[in-house]
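Good morning, and thank you for coming.

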Amino acid sequence: MLHGIVFHNPYFLFGLILIPILIVWYIFHRKKIEPSIQFSNVTLFKGVKRTFRQKIYPSLFILRMLVLTLCIIALARPQAKLSKKEVNIEGIDIMLALDISSSMLAEDFKPNRLEAAKEVALKFIEGRPNDRIGLVVFAGEAFTQCPLTIDHDVLSQLLKNVRTGIIDDGTALGDGLATAVSRIKDSKAKSKAIILLTDGVNNMGSIDPQSAADIAALYNIRIYTIGAGRIGMAPYPFRTPIGIQYQNVEVQIDEPLLRRIASLSGGSYFRATDKKSLQTIFEDIDKMEKSKVDVTLFEKSKEEFFPWILFALVFLGLEIILRLLYFRTTP
């Protein structure tokens with residue numbers, strides 16, 4: 001009965017504190033309000049059972065408490081809020097293209113490049129509840145880990161499960177970008193974007209990255225490219241018979257290519273040298289690709305106190321009838 005109900009005068013509800021106080025008062029003072037006759041000997045009354053009417057006499061008090069409770073709630077003016085919300089969203093579809101080659105295990109990012117990228121991407125997804133987002137992963141080949149979806153819980157779980165070694169190693173940059181383009185090109189969204197993150201140079205695959213960028217431009221898809229890796233050398237873990245050994249390897253990122261890809265589509269290129277700078281880059285992209293939300297809210301209140309008053313009158317009438325007829329006492 002109270003589902004979806006708000007109170008216009010909620011301070012009246014403090015009056016409900018009286019109910020338990022009155023119940024305690026009734027229990028401790030009941031004997032004082034019942035008439036009694038003094039006898040010198042009560043042996044004659046042993047074994048006499050209470051009548052049904054005596055047993056249910058406290059129901060008068062219960063009815064009175066119900067009446068008081070209902071009246072207090074009615075005074076608080078319960079209301080049902082009838083609202084209509086119209087939301088117009090200029091939708092944005094975003095495909096994340098993530099490099100999962102073995103070089104993403106380099107630890108110039110903590111704990112490594114791949115895990116840092118996943119953590120930052122998860123926060124990015126969480127901050128865009130109104131957009132459809134999908135995920136493409138690539139190394140020596142590319143595949144769609146998650147198509148465009150508004151179900152960000154599923155997307156986040158699939159992103160968390162991404163790891164290196166699930167496909168052939170290498171960096172098929174063109175294939176990864178082309179796969180992302182094919183997944184988003186037919187979208188009806190007002191705005192379409194691809195965020196491509198890699199830490200290497202294109203060395204595998206059958207599609208030229210610049211050709212994939214040309215196709216993206218034809219479909220008005222903006223591409224934001226991110227080169228992930230410290231400038232110079234980076235520690236990389238190698239498996240050996242005696243365990244994991246670290247060796248510094250040169251960071252090779254084809255920045256000119258990533259800049260051309262971004263420029264062809266009207267996007268931007270960024271260089272991330274650590275997790276903090278990667279976080280800043282995603283925040284910048286988030287600001288560039290904001291959806292516009294127009295909300296029109298209509299609200300109307302409907303008074304709901306009448307049923308409470310009606311039940312209060314019914315219980316009060318029942319209590320009066322029982323007191324005057326069934327529980328009537330002779331002076």
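I start with a pocket. Strand E8 gives the largest share of the lining of the second largest pocket, three residues. A strand here is a DSSP run of E with at least two residues, a helix one of H or I with at least four, both numbered from the N terminus. This is a predicted model, in which local features need pLDDT of at least 70 and side-chain atom pairs pLDDT 80 or more, while totals for chains, interfaces and linings use all residues. Residues are numbered from 1 along each chain, and side-chain values use heavy atoms, without hydrogens and water.

The pocket has a volume of about 310 Å³. Of its 19 lining residues, Ser 103, Asp 199, Gly 200, Glu 250 and Gln 252 are the closest to its centre. A pocket is an open set of points on a 1 Å grid where a 1.4 Å probe fits, with protein on both sides within 12 Å along at least five of seven lines; lining residues have an atom within 4 Å of a point. The volume is the space filled by probe spheres set on the points, which are joined across faces, edges and corners.

I turn now to the sheet. Six strands form an open sheet with mixed pairing, in the order E5-E4-E3-E6-E7-E10. Its edge strands, E5 (142-149) and E10 (269-272), each pair on one side only. Two strands pair if DSSP finds at least two bridges between them. E3 (residues 92-99) and E6 (residues 191-198) pair in the parallel sense over seven bridges; Asp 93 has Lys 192 in E6 as its bridge partner.
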